[in-house]
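I am opening a notebook page for a structure that is new to me. Below I keep the sequence and the model in view, and then I write down what I looked up.

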Amino acid sequence: MFIDQLSVVAGTVPATGAMTGLSLATTAAATAVSTDSIDLGIARDIGEGSDLYFMIHVVAAVTGATSVQWDAIYATDGPLTTGVIVGGSTGAIPVASLTAGSVHVIDLTPVLRYNATSESSKAARYLGLRYIVIGTASAGSYCGYITLNPQDGKKFYASGFTVA
């Protein structure tokens, strides 16, 4: 799977492929947004065409908290603080499932949110991630990016067979 550097909103994925994660806040009931956002140029409906997914790779295991939830969010500003619209969510994931190397997916398609005021299904201009920690995390980091083909790299098939 290829990861476009411009689709990464949290953490980094250098050419070597060794992901580095964005640390989760270690305060009680922390909520924070990704360090970067994707500028869609204008408010637009990205629900048409191919499906899009936010991939969340847990780089360092989450400890100390009860659960973490990631939301794909749209906002009217780059820091993802104004006019926030939730476009999808992982739901609360128990800490036992947030081990290093675990992968979680948010389906971004369709993000058709009908707005009666503008009579449009457009979201906002900026796209990013938000996480919500339930409890107090003492450790954990993640890398988040958009992809067309979610893969976890953990499917292995038997070898040494013959197709007749």
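I count a contact wherever heavy atoms lie within 4.5 Å. The model is predicted, and local features need pLDDT of at least 70, side-chain atom pairs count only at pLDDT 80 or more, while totals for chains, interfaces and linings use all residues. Residues are numbered from 1 along each chain as its sequence is written, and side-chain values use heavy atoms, with hydrogens and water left out.

I began with V68, which touches L24, V62, T90, G91, A92, I93, L98, Y131, I132 and V133, leaving aside residues up to four places away in sequence. V68 is buried at 1% relative accessibility, where buried means under 20% relative accessible area with a 1.4 Å probe, protein chains only.

I then turned to H57, which lies in strand β5, residues 53–75; a strand is a DSSP run of E with at least two residues, numbered from the N terminus. V68 lies in strand β5 too. The side chain of H57 makes a polar contact with the side chain of Y145 at 2.8 Å.

Last, I looked up aromatic rings, which pair if their centres lie within 6.5 Å, and count as edge-to-face if the planes are over 60 degrees apart. I found two aromatic pairs. W70 and Y142 are edge-to-face, 5.4 Å centre to centre and 65 degrees between the planes. This pair joins strand β5 to strand β9 (residues 126–147) across 72 residues. Y131 and Y142 have centres 5.8 Å apart and planes at 80 degrees, so I noted that pair as edge-to-face.

Key: Helix = DSSP H or I, 4+ residues; strand = E, 2+ residues; numbered from the N terminus. Polar contact = N/O pair within 3.5 Å; in protein donor to acceptor, adjacent residues only side chain to side chain. Buried < 20%, exposed > 50% of the residue type's maximum accessible area, 1.4 Å probe, protein only. Phe/Tyr/Trp six-rings, centres within 6.5 Å; stacked < 30°, edge-to-face > 60°.
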